[in-house]
Amino acid sequence: MPSWSNVRADFPALNQNVGGKPLVYLDNAATTQRPQAVIDALDRFYRHDNANVHRGLHALSMRATDAYEGARARVAKFLNAAAPEEIVFTRGTTESINLVAGSWATANLRPGDAILLTEAEHHSNLVPWQLAAKRTGASLRFVPVLGDEGRLDLAALDRLLTKEVKLFAFTHVSNTLGTINPAAELCAKARKVGAISVVDAAQSVGHLPLDVRALGCDFLAFSGHKRGGPTGIGGLYGRRELLDAMPPWQGGGGMINHVDWQESRWKPSPERHEAGTPNIADAIALGAACDYLDALGRDKIAAHDRELAELAYERLSRLPGIRLLGPARGRSSLVSFAFSDIHAHDIVTFADEDGVALRGGHHCNQPLMRKLGLTGTTRASFYVYNTAQEIEVLAASLERILRFFR
Amino acid sequence: MSDLADLYQQVILDHNKRPRNRGRLPTANRVAHGDNPTCGDQCNVYLRLDGDRIAEISFDGSGCAISQASASLMTTQLKGRTAAEAAKLYESFHHIVTTGQAPDEISDLAAFAGVHAFPARIKCATLGWHAALNALKGDAAAATTETHND
């Protein structure tokens, strides 16, 4: 059972020096570290239960199938989905969004229809819709974000969300701004005009308590690796009647009921949308990550993340010439900032010398960067194992960089 | 810190703070754009070719200290050179940033020798050069460091 007092000790990769300094890992919005419990789950599966799932009649295959389907049930419970069948395992958020864009959007959108997005979307929640719009003749609309605070322009949203909008896809938490969008309110507005809602939860799942039924979303896309799970595994939550009505987006083994020379019949969801051998081991380890996070308590994780992000915002705001993005309070677990005279990549290179892992650049938000008149920002992002003391190390490193370049 | 001090030499910091030949060249008869999609770094190089010789050169764009300083220093090195001389100089420069070894006769560009310890930054240092070489070839299409790998 993990506890806050030894949470750092649960993550073996944190226990190292970089360039002779203790690692201060602040690139969690890109990917978090993994707790030992997740590494153990992978190790255990490959050592003891490794076999392909489904249709297998031998002991190991049955064990692997039970563990894989158990992980699906675990993830469903983590998100409070109504049934395990509402979870489709994918490679991650990007693939989940592409699944909805490739299947639901292709089957349901027509010329004259509109897809509504926001200006704060990661490329993974923008480019798939550009492709879908090209295929179907639908158009794209964007809810503006307001200034550096990055809140959505809700008045503009009401003007944009007309009956032509068939799908509204938006990020729950902005990976660049740290803004938390009012997801339940946005889903309710979409529902009112008969639009399907798609929540990009890459930055919120495992950070904020998340309940798909309370949100009232139709689809929710998430990754495992941004909250302690392995890379290469994530999922799509979809309301069951939607998933069961959608055509397959990939064909192959495991997704069919009957195959003939000319055509085939599909299984219901989730198998319909999981052609081929799935990522069994990583799905099982994702289940272990759910256990780990729930033992810590997701409301406590959210409070810890917010406390650190607000502390960082306040501390960094004292640096001369800094431009901080996102709101000062009530923000998610990251701070994103820029200096007019020092480029993000120079900052990241320097901070690395102090053992501080940051990310600099456009954060897969090129159109938003252009709107804000920025070529990039530096981002520090936090998770369960980060401390107030590490924010002081970050601030000291930034102060050294400012002295060097000015 | 010693690797970093090597990377951010005084010459580089100076060119970053006070870039030479920065801005659009009104008399340019060749222009090329360079672009580093991973970083978002951008660089335009403007040339006025007099026959085969670079009579005037300037750059503009945005990016890290390494990319901006490198483009600035490059303009000071390329002015008055022929296309063949420019290509040869780039070869030397590429050797310097990938190996850290600078031949004796090349003094100014040697400031970039420290880049070799930071492989991810090599394309920052070469961005302006790619654009300049494309401009010399008369190829206005974007030089992207993703396809010209380094």
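Which residues point one way from strand 11 of chain A, and which the other way? I began my notebook with this, keeping in mind that the model is predicted.

**Entry 1: strand 11 of chain A**

I looked along strand 11 of chain A and found A:Phe219, A:Ala221 and A:Ser223 pointing one way, with A:Leu220 and A:Phe222 pointing the other way, and all of them buried. Since five of the five residues of this strand, which spans residues 219-223, are buried, I wrote down that strand 11 of chain A is largely enclosed by the rest of the structure.

I then looked up what pairs with it. Strand 10 of chain A, residues 196-200, pairs with strand 11 of chain A in the parallel sense over three bridges, and there I noted A:Ala221 as the bridge partner of A:Asp200. Strand 12 of chain A, residues 234-238, runs antiparallel to strand 11 of chain A and is joined to it by five bridges. In that pairing A:Leu220 stands opposite A:Tyr237, and A:Phe219 has A:Gly238 as its bridge partner.

**Entry 2: the sheet around it**

Next I traced the sheet, which is open and has seven strands of chain A in the order 4-12-11-10-9-5-6, with mixed pairing. Strand 4 (87-90) and strand 6 (139-143) of chain A are the edge strands, each pairing on one side only, and from one strand to the next the twist averages 20°. I also found helix 6 of chain A, residues 183-192, packing on this sheet, where it touches strand 9 (165-171) and strand 10 of chain A, and its direction makes about 155° with that of strand 10 of chain A.

**Entry 3: the nonpolar cores**

I turned to the largest nonpolar core, which has 118 residues, and asked which of its members touch the most others. The residues are A:Leu79, A:Val100, A:Ile115, A:Phe168, A:Val198, A:Leu220 and A:Ile284. Helix 9 of chain A, residues 280-296, supplies the largest share of this core, namely eleven residues, and at least three residues come from each of domain 1 and domain 2 of chain A.

**Entry 4: two domains in chain A**

I checked the domain assignment of chain A, which gives domain 1 as 4-28 + 297-405 and domain 2 as 40-295. Their C-alpha centres lie 28 Å apart, and the contact takes 25 residues from domain 1 of chain A and 22 residues from domain 2 of chain A.

Which elements give two or more residues to the side of domain 1 of chain A that touches domain 2 of chain A? I listed helix 10, strand 15, strand 16 and helix 12 (366-372) of chain A, of which helix 10 gives the most, with six residues. By class, this side of domain 1 of chain A has eleven nonpolar, eight polar and six charged residues.

**Entry 5: a four-stranded sheet**

I then followed an open sheet of four strands of chain A in the order 15-16-19-18, with antiparallel pairing. Its edge strands are strand 15 (322-325) and strand 18 (359-361) of chain A, and the twist averages 30° from one strand to the next. Strand 18 of chain A is joined by three bridges to strand 19 of chain A, residues 377-381, and the two run antiparallel; there A:Gly360 stands opposite A:Thr378. Helix 10 of chain A, residues 298-316, packs on this sheet and touches strand 15, strand 16 (334-339) and strand 19 of chain A, its direction making about 20° with that of strand 16 of chain A.

**Entry 6: where chain A meets chain B**

Last, I looked up the contact between the chains, in which ten residues of chain A are in contact with nine residues of chain B. Helix 11 of chain A, residues 344-353, gives the most to the side of chain A that touches chain B, with five residues. I divided the residues of this side of chain A by class and noted one nonpolar, seven polar and two charged.

Terms used: Residues are numbered from 1 along each chain as its sequence is written. Chains are lettered from A and ligands numbered from 1 in the order in which they are written. This is a predicted model: local features need pLDDT of at least 70, side-chain atom pairs count only at pLDDT 80 or more; totals for chains, interfaces and linings use all residues. A nonpolar core is a set of buried Ala, Val, Leu, Ile, Met, Phe, Trp, Tyr and Cys residues joined through C-beta atoms within 7 Å. A residue is buried if 20 or more other C-beta atoms lie within 10 Å of its own, exposed if 12 or fewer, and partly exposed in between; C-beta atoms are placed from the backbone. Domain bounds come from an automatic or database domain assignment. Two residues are in contact if their C-beta atoms, placed from the backbone, lie within 7 Å. Ala, Val, Leu, Ile, Met, Phe, Trp, Tyr, Cys and Pro count as nonpolar, Asp, Glu, Lys and Arg as charged, and the others, Gly among them, as polar. Two strands pair if DSSP finds at least two bridges between them. Axes are lines fitted to C-alpha atoms, for helices over the stretch in contact, and angles run from 0 to 180 degrees between N-to-C directions.
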